[in-house]
Amino acid sequence: MALYEYSWLILLSPIFAFAVILFGTRMWDLATRGRIAAKAAHETEAHVGHDGHGEPDGPDELIHEKGPRGEDVVFEDWEDPKVPQLTMGAKVSGYLSVIIMALACIYSWILLLNTAGLISVAPQLPTQGISLSQISYPWCQNIDATNNCFGLGSYVIAFHLDRLTIPMLVVVTSITLLVQFYSQGYMERSAGYARFFAYLSLFAFSMLTIVFAANFLVIFIGWELVGLSSYLLIGFWFNKKSKPAEDRLSPASASVEAFIVNRVGDVGFIIGIMILFVNTGTFNFSQLPAAVTHMDKTLLTVAMILVFCGAIGKSAQVPLHVWLPPAMEGPTPVSALIHAATMVAAGVYMVGRTWFIFAAADPLAFQVVAWIGGISAIFAAVIALVQTDFKRVLAFSTISQLGYMFVGMGIAAGTAYGPGLGLFHLFTHAFFKALLFLCAGSVLFALHHATHKETQDMRVMGGLGPLMPITAIAWLVGTLSIGGFPFFDSFFSKDNIIAEAYRTGNYGLWAVTLITAGLTSFYMFRAFILAFGGKGGRLGGMWGGTYRGKIYRIAGLEEGNQDKTYLVEMSPEEKEHIKVPHESPLVMTIPLIILMIPSIFAGDWFNFYPYIQAGAPALTVRDVLDDWLTWVGLAVSLIGFTWAFVLYARFEFASVHDYVENRAFLRTAHRILLHKFYVDDLYNWIIKYIVLGLSHIAQAFDTYVVDGIVNGVARLITVLGRDVRHVETGRVQTYMIGFFGGVAVLAILVFALVAFVK
Amino acid sequence: MGLSLNHFLVLGALLFCIGLYGAIAKHNAIAVLMGIEIMLNAVNITMVGFAFYNTVKPWSTFLTGQIFAIFIITVAAAEAAVALAMIISIYRKRNTVDVGEINLMKW
């Protein structure tokens, strides 16, 4: 049992790393930076003129341009501030976080293997799990004998380890480890290296808080902390500007959007938690399913739907999905870790944790969960069909796959699966999505080095397959995994969700998820062909045909409008400045290779369902192959793959593009999808006119009414003083007027009284 | 038609108002003093009128008004002397007898 009792070390190790990096190694890094920069500048000057071009080759971070009068202007690239060389402090930050996460990862794997029965170093975990530590804060003054606070339970910070936690632990620690390892290469010359690893460790701690949480309070603490880490990490390059021509926000705006949209979901979350607490007196996940049976069922359903609102915000489901595509402005390892594998999965995990509370409510709660998941799945999938930005396709793919997980959670109502159906897809998805994102990062890293520009548009990629073989194979493995190719991951996890939708009678959801599966394989394979397909050598864009090898660049960017960009072939002078992209360094490709293994084999954990929920049916290959539903799902995804191949590898991209442009229906459909159904524009409009309008009204109220009253009182006093003082003329005669006037008034009064009294 | 108390009272009131106007509206300090004297004399007339037309027992009260009038004359004289002394003092300091100018207590 000691094995389980020390698992709080997994939770606390990243925050230890965070503290050490933030207050130790980063300070060291900052202190030595000046010295290193001076040394590097000195070395660069010594190498002036040695690169064969006959002119000094400046460091990458300087931009040489022509000023308004034609003069040469040189300035630093604030887009992507680089340091010439990493200091020791920064490197040690990286090593420290990797080592600590490696230890946590090994521990998690030991826990997993032990509880799954594959190794045996400790006795089995009891079914209800063990409670790791409990810090009880009785926040009320009057506590009765049973430690209750006026009949309500006291507030407890409690952590819990059970069979639901352990797969998540493995996912979080493994992927964090691989991402941190990868970032050592990706963030190699970035300015905030140590800060990056500090934030990654903070994120790991926050996510583990969510995973280990035993009650709603602790999960909410972790919930907000991951939101904070996401904000810090998306806005990591905070000086970067927005690129409206590519429909990209600045990272600072994107991070604010992510945080605020998350908070919108959290409003519902908090209200739901409060309703549950007030009616049952406990926050604890183990006690709630029994306690809520005494609640009014409608109120419970409302509360659970509100709790699900938090998951909608955190896991980027429709209508709160708008933050995830702009969140791609963060560094790619961040996108891999947070916005693919872990943070967005927190919503799914929370629904899994509270699954039995959902089960105690009206079936409507589960239907809401499932349908919102289904709608998000197909919504995001159709948008991803036309996106040209490499990472944006993956972002929408994430939204879509998270929708699948919620469908899995929702349709398992009444079956023996429990939360396992959706959680299996979470487990497999984390691996292949992280793989896909890390490959994307590898591609972007290579292209940035080759073209000295940040190129994320797939239309100018092409032919990278032979140039970057490991990345290409990894991406292909990821694509096959996500598309449900036979015996890869999604074949077991996602296709089972689709089949189960049919078996439980949710035919609408079955149709939606089936169509989405076809769309998923289509757009993922399309991305693969556009980026990696074509003959090697120089970048061969697909625009000019499969094997022509022309190089294109995006033009029309200065208009600032996404619809007005177009492709133009590069002139020979421009081609001179482009280098051939090559494979990323080993520190980046090793995580890709390692991640390929679970991307293929994670689906083979057939006992996942009984592991999570005792009594659930285990997957068997025989059952899967016998079921006609599997073949239908397989057929749909293979159709998707084939259609993408036919469209993009056999035909020229130009002819496909022209075909769409020439037909009004297809053209309008393309525009609507490219603008993401105009949801972003709708939200911007709402915020600009309604929210800000209301705030302007409130501000006007504050300025004119509230301040008006306060200032008005002061002004009244001033006026009274200024105007009434004129009574004091200082002349005796004026006073005499007052005196005798008063006498006259009194006399009249006396006469009147006497006359009327008589 | 004979004289009645009312005639005396109305005369007194009229004279009082005339005197009041003079005391208030005149700028020259001496004129203000003259107005005050008029006011005092108006009161005197009222007092004498009350004395003459007295019908209240005991009958000895018919002298009250007369004695009151003598007192008023005395006090008026004393007060005029003091007021003139004040005016002379102000004139020595301010070189003016315009009461409109004496407004140091102005706001």
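Predicted model: local features only at pLDDT ≥ 70, side-chain atom pairs only at ≥ 80, totals over all residues.
What average pLDDT does chain A have, and what share of the residues score at least 70?

**View 1. Confidence along chain A.** Chain A comes out at an average pLDDT of 83, with 84% of the residues at 70 or above; pLDDT is the predictor's confidence in each residue, on a scale from 0 to 100. Residues 47–59 of chain A fall below 50, and this stretch makes 5 contacts in the model beyond near neighbours in sequence. A contact here means two residues whose C-beta atoms, placed from the backbone, lie within 7 Å. Residues 535–548 of chain A also sit below 50, with 47 contacts in the model beyond near neighbours in sequence. Residues are numbered from 1 along each chain as its sequence is written, and chains are lettered from A and ligands numbered from 1 in the order in which they are written.

**View 2. Where chain A meets chain B.** Chain A brings 11 residues to the contact and chain B brings 10 residues. Sorted by class, the chain A side has 4 nonpolar, 4 polar and 3 charged residues. For the classes, Ala, Val, Leu, Ile, Met, Phe, Trp, Tyr, Cys and Pro are nonpolar, Asp, Glu, Lys and Arg are charged, and the others, Gly among them, are polar.

**View 3. The loop between helix 9 and helix 10 of chain A.** This loop, between helix 9 (297–314) and helix 10 (332–341), holds A:Pro319, and the peptide bond from A:Val318 to A:Pro319 is cis, with omega near 5°. Helices (H or I, at least four residues) are DSSP runs numbered from the N terminus. A:Ala316 lies in the loop too, with a positive phi near 55°. Most residues other than glycine have a negative phi, and most peptide bonds are trans. A:Ala316 counts as buried because it has 30 C-beta neighbours inside 10 Å; the cut-off for buried is 20 or more other C-beta atoms within 10 Å of a residue's own, with C-beta atoms placed from the backbone.

**View 4. A:Lys676 in its loop.** Look between helix 26 (664–674) and helix 27 (679–724) of chain A for A:Lys676. Its phi is positive, near 55°, and A:Lys676 is buried because 22 C-beta neighbours lie inside 10 Å.

**View 5. Helix 18 of chain A.** Helix 18 (residues 494–503) is mostly covered, with 9 of its 10 residues buried. Among them are A:Lys494, A:Asp495 and A:Glu500, along with A:Ile497 and A:Ile498. After the helix comes A:Gly505, with a positive phi near 95°.

Terms used:
Helix = DSSP H or I, 4+ residues; strand = E, 2+ residues; numbered from the N terminus. Buried ≥ 20, exposed ≤ 12 C-beta atoms within 10 Å, placed from the backbone.
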